[in-house]
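Subject: Structure for your files

Hello,

Here is the structure you were waiting for. My notes on it follow below.

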Amino acid sequence: MARESLVGNVAQDLGLSPSQLAARKARVVSEGSEQHFRLDPHSGVLTLTETLDRERICPHSESCALLFQLFFENPVQLIRGEVEVRDVNDHSPEFPQKEVVLEIPESASPGSRFALVKAKDEDVGINGIQNYSLSPNSHFTLALERGKGGAEFVKLVLQRPLDREEQREVHLVLTATDGGSPPRSGTAQVRVVVLDANDNVPVFSREVYEVRVAENSPPGQLVVRVSAADPDEGSNGKVRYTFTEMSELSSQVFELNAESGEIRVKGNLDFEGADNHDIEVKATDGGGLSAHCKVHVEVLDVNDNAPEIALSSVSASIPEDAPPRTVVALLSVRDRDSGDNGRTECAIEGDVPFSLTAAFANHYELRTSAALDRETTAEYNVSIVATDWGRARLSARESVSVRVGDVNDNAPRFTQAAYSMSVSENEAGAVRIGSVKATDADAGANGRVRYALVREEGEERPAV
């Protein structure tokens, strides 16, 4: 959808008139750094500030939701909003290589399977890749396999034995098609080179290796050692290992020793980025025969993310006659870890007349908990601490400055209850015979004192 496109009518959804929306000073605040939406306070219409790119906002994710908050200032209220960004079929499947070369021995038996590269499609769901097909031929068909973590692998299946003397190479076209309407497709050339016989294929000790590794594992740490045996002699029995199928993220995190089969940590593991990795390893002997195994790596979470506190405001003001439980500020807490490592609690430090009240889904309201007196304390610095429940507990701290506004709740007070003054009977007018002094604890106009003389019968005379 183009910029300025209509997303919805907030006023209509909340049952408010546009005038009410404007009077309450409503505004939209996105939870991230980018402001995707604009609110017209006169109509209540929510529109786009820019054209959205789902593949950039939510890469590798089936669902894509943008969160925003509708903030009212008068009275204070926070409403959570969610906008689903729906995918359109604007990307075609693409293979990482335009030509794939497979070396297959003529002794390979029917039913043998050989890994092919998968295509990539940045679209998701039905708009993502739905089907692979192979050009008509008399030797091969396609098969799709799924790993334990849900990853899909494309295999070339031999249906009829090869004869190098009859045909040295077989040329195929591999096509990936998505489910859009109309569908999009991408192709890759598959060139099968038929090798002379090498009668023993490497055999892995396991078909699937399942391992666990903590996300704080340092580079160089051993994850697993895969092993394939080949009883042939010489180069036909010497096995080398390579990765054949893995995600781009997995390739940045793991490395494989081609000689030993050891898989080690190469980059930084991040449970929050990916909690498991499906990898396929190929063992190839000197004669070109190969076998495959799958490695499923489960990443274990550690408490490596501190809570994050987001405040609706960093300072606030409230009159001193505000009743207890008056809302002063709004805040939210999140922790990117999972389980107890991502579970948080929030509290106020120190003895201050404020409390936190849970609103919804890790959102809190800062409220007054007792009567305020500006003359005693004119400003509070409220320190809020969020702590997670991990074994090594992490915390975050934010401060809210709360200014107490003055109300006229103090009467003037004279420095003395009675003043005694004397004057000679023959003094002329406008002679100073004494002074009185009164003070008021209030501030501003509420604390400025004016004087007047009152006769015994109650009539006031302005002070000269």
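Glu365 and Arg367 form a salt bridge through their side chains, with N to O at 2.6 Å. Both Glu365 and Arg367 are buried. Please keep in mind that this is a predicted model.

Asp406 and Arg374 also meet in a salt bridge, at 3.0 Å from N to O. Asp406 sits in the loop between strand 30 (395–405) and strand 31, and Arg374 in the loop between strand 28 (363–368) and strand 29 (379–388), so this pair ties together parts that are 32 residues apart in sequence. Arg374 is buried, at 16% relative accessible area, whereas Asp406 is partly exposed at 22%.

Over the whole structure, the search finds 25 salt bridges. One of them pairs Lys155 with Glu145, whose closest N and O atoms are 3.2 Å apart. Lys155 belongs to strand 11 (residues 152–158) and Glu145 to strand 10 (residues 140–146), so the bridge ties together parts that are 10 residues apart in sequence. Lys155 and Glu145 are both buried.

Two surface patches are also listed here. Asp53, Asp90, Glu94 and Glu122 make up a patch of negative charge. Of these, Asp90 lies in the loop between strand 6 (76–84) and strand 7 (99–105) and is partly exposed, with 39% relative accessibility. The other patch is nonpolar: Phe414, Met421, Val423, Val431, Ile433, Val436 and Tyr451 together have about 610 Å² of accessible area.

As for annotation, an unreviewed UniProt entry lists "domain: Cadherin" for residues 37–95, 96–204, 205–309, 310–414 and 415–461. In the model, residues 205–309 are 6% helix and 48% strand, with the end C-alpha atoms 50 Å apart.

Regards

Notes:
Residues are numbered from 1 along each chain as its sequence is written. This is a predicted model: local features need pLDDT of at least 70, side-chain atom pairs count only at pLDDT 80 or more; totals for chains, interfaces and linings use all residues. Side-chain values use heavy atoms; hydrogens and water are left out. Patches are made of residues with over 30% relative accessible area and no salt bridge: like charges are joined within 9 Å, nonpolar side chains (Val, Leu, Ile, Met, Phe, Trp, Tyr) within 5 Å. Accessible areas come from the Shrake-Rupley method with a 1.4 Å probe; for residues, only the protein chains shown count as cover. A salt bridge is a side-chain nitrogen of Lys or Arg within 4 Å of a carboxyl oxygen of Asp or Glu. UniProt positions are given in the numbering used here, feature names are shortened, and annotations may be inferred rather than shown by experiment. Helices (H or I, at least four residues) and strands (E, at least two) are DSSP runs, numbered from the N terminus. Lys and Arg count as positive and Asp and Glu as negative; His and the chain ends are not counted. The place of a charge is taken as NZ of Lys, CZ of Arg, CG of Asp or CD of Glu. Buried means under 20% relative accessible area, exposed over 50%, partly exposed in between (1.4 Å probe, protein chains only).
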